[in-house]
Amino acid sequence: MTQFLDIHLANDDERRAAHENCHDVWSQGLPLAAHVAHRECSALHQSARWVVGCLDGRVVAALASHPLRFRWHGRSYPGIGIASVHTLREIRGLGFAQRMIRWIEPFERQHGARLSVLFCDIDPRYYARLGYTLCPSHRGWASTASIDLPHVGNDGWRLQPAETTGTFAAQIAAFAEIYNSDHARRAFSVERTTDYWQHLADRLPEAERFWFVSPAGDRCGYVWLRTETRDVVIDDHAVRDGVDANRSKLLRAVVELAAQRGLARAGGWLPAVPLTDGLFGLEPRTTEITMLKSLDEAVVLDQAAIAACDWLQEIDHV
């Protein structure tokens with residue numbers, strides 16, 4: 001077997017081979033055929049540009065490059081999210097993943113990308129050697145046993161199922177307005193176009209979407225939730241204008257909702273700030289660790305932008 005790694009954009013057969021190869025890591029408990037079928041039908045994987053590395057015509061390594069847009073200090077930039085980086089177990093340690101990343105970055109730069117993000121499941125030093133910066137990344141859980149019920153409902157604030165207020169397509173502008181007023185003001189965030197909002201809904205058809213409504217009936221926030229076994233996972237949330245008091249009420253309402261349903265915990269990706277840490281007991285993530293890289297020397301990753309990465313939402317994970 002030659003050590004010449006042929007790196008190129010995948011054709012359909014090569015993409016399916018890449019899905020088969022990564023079954024050992026990301027099977028989600030599915031048998032091989034179901035695993036491949038799931039990835040082939042996934043809105044997330046369909047949106048990506050797939051790159052493969054081949055030895056003697058055999059796919060031995062692959063990655064996905066997902067199109068994203070970012071806001072950096074108020075400016076909009078196209079970018080990518082690197083994901084599904086995988087090499088066959090028997091030939092790991094030869095630097096094939098690094099070669100593919102070094103191949104895709106200039107390719108995407110030529111197609112306009114200015115920033116790259118990835119969510120690391122291994123020692124972050126591996127990607128640091130490729131120029132990626134380790135960013136703050138936290139996850140936390142609140143036990144429903146510690147919540148005294150009821151609380152939020154007593155003062156008129158409530159979670160209202162969004163499905164009762166019209167179709168998702170008609171709601172996108174309202175979700176976007178609240179999201180932008182909260183997250184777009186930060187030094188770094190994911191920019192969500194109308195198409196991207198629809199993409200998120202297609203990716204998570206099981207998500208429960210709620211408005212956070214004030215006693216006066218105003219929509220002051222929203223949250224997207226998902227149930228996993230005995231947990232309620234917060235995939236996405238925002239409060240209008242980033243008001244801390246309202247965020248605290250919204251997050252407590254989520255924990256109370258989980259308690260009302262007889263579930264054990266609520267939580268997910270949350271920034272390490274006092275109002276979240278006090279309720280959720282945040283810890284640095286040991287997987288899905290955010291790492292960021294500039295692909296344009298004019299886009300400098302200052303400390304403010306790096307710190308803002310802690311606010312990235314789990315729904316934006318690729």
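Leaving aside its neighbours within four places in sequence, with which residues is Asp235 in contact? The close-up views below, all taken from a predicted model, begin with this residue.

Figure 1. Asp235 is found in strand 12. Apart from neighbours within four places in sequence, the residues in contact with Asp235 are Leu204, Trp224, Leu225, Arg226, Gln313, Glu314 and Ile315. One of these contacts, Ile315, is 80 residues from Asp235 in sequence, yet the two C-alpha atoms are 5.0 Å apart in space. Asp235 has a relative accessibility of 2% and therefore counts as buried, the cut-off being under 20% relative accessible area.

Figure 2. Strand 12 (residues 231-239) and strand 13 (residues 265-269) run parallel and are joined by four bridges. Within this pair, Gly268 of strand 13 stands opposite Ile234. Strand 13 also pairs with strand 7, here in the antiparallel sense and over five bridges. Ala142 has Ala266 of strand 13 as its bridge partner. Strand 7 and strand 14 likewise run antiparallel, joined by two bridges, and Arg139 stands opposite Glu283 in strand 14.

**Figure 3. The two faces of strand 7.** Strand 7 spans residues 138-143. His138, Gly140 and Ala142 make up its covered face. The uncovered face consists of Arg139, Trp141 and Ser143.

**Figure 4. Buried residues of helix 7 and their cover.** Helix 7 comprises residues 168-183. Its buried residues are Phe168, Gln171, Ile172, Phe175, Ala176, Ile178, Tyr179, Ser181, Asp182 and His183. The elements that cover these residues include strand 9 (188-191), helix 8, strand 10, strand 11, strand 12 and helix 9 (244-260).

**Figure 5. Packing of helix 1 on helix 3.** Two packed helices are described by the angle between their axes and the distance between the axes. Helix 1 (residues 12-21) and helix 3 (residues 32-41) pack at an angle of about 125°, and their axes are 9 Å apart. This angle makes helix 1 oblique to helix 3. The crossing of helix 1 past helix 3 is right-handed. Helix 1 contributes Arg15, Arg16, His19 and Glu20 to the contact, and helix 3 contributes Leu32, His35, Val36, Arg39 and Glu40. By class, the residues of this contact are two nonpolar, two polar and five charged.

**Figure 6. Asn21 in helix 1.** Asn21 lies in helix 1. With a relative accessible area of 19%, Asn21 is buried, because the cut-off for burial is under 20%. Its contacts, leaving aside neighbours within four places in sequence, are Val59, Val60, His86 and Leu88.

Figure 7. Strand 3 (residues 58-72) and strand 4 (residues 75-87) pair in the antiparallel sense over 11 bridges. Tyr77 of strand 4 is the bridge partner of Phe70. The hairpin of these strands has two residues between them, and in it His73 takes a positive phi near 50°. Strand 4 also pairs with strand 5 (residues 115-120), in the parallel sense and over four bridges. In that pair, Gly81 has Val117 of strand 5 as its bridge partner.

**Figure 8. Tyr127 in helix 6.** Tyr127 lies in helix 6 (residues 125-128) and is buried, with a relative accessible area of 8%. Beyond neighbours within four places in sequence, Tyr127 is in contact with Val85, Ile101, Leu118, Cys120, Ile122, Tyr132 and Met291. The C-alpha atoms of Tyr127 and His19 are separated by 22 Å, and the two residues are 108 residues apart along the chain.

Notes
Residues numbered from 1 in each chain as written. Predicted model: local features only at pLDDT ≥ 70, side-chain atom pairs only at ≥ 80, totals over all residues. Heavy atoms only, no water. Pairing = 2+ DSSP bridges. Axes fitted to C-alpha atoms, helices over the stretch in contact; angles between N-to-C directions. Parallel < 35°, antiparallel > 145°, perpendicular 65-115°, else oblique. Left-handed = near helix turned anticlockwise from the far one by under 90°. Contact = heavy atoms within 4.5 Å. Nonpolar A, V, L, I, M, F, W, Y, C, P; charged D, E, K, R; others polar. Buried < 20%, exposed > 50% of the residue type's maximum accessible area, 1.4 Å probe, protein only.
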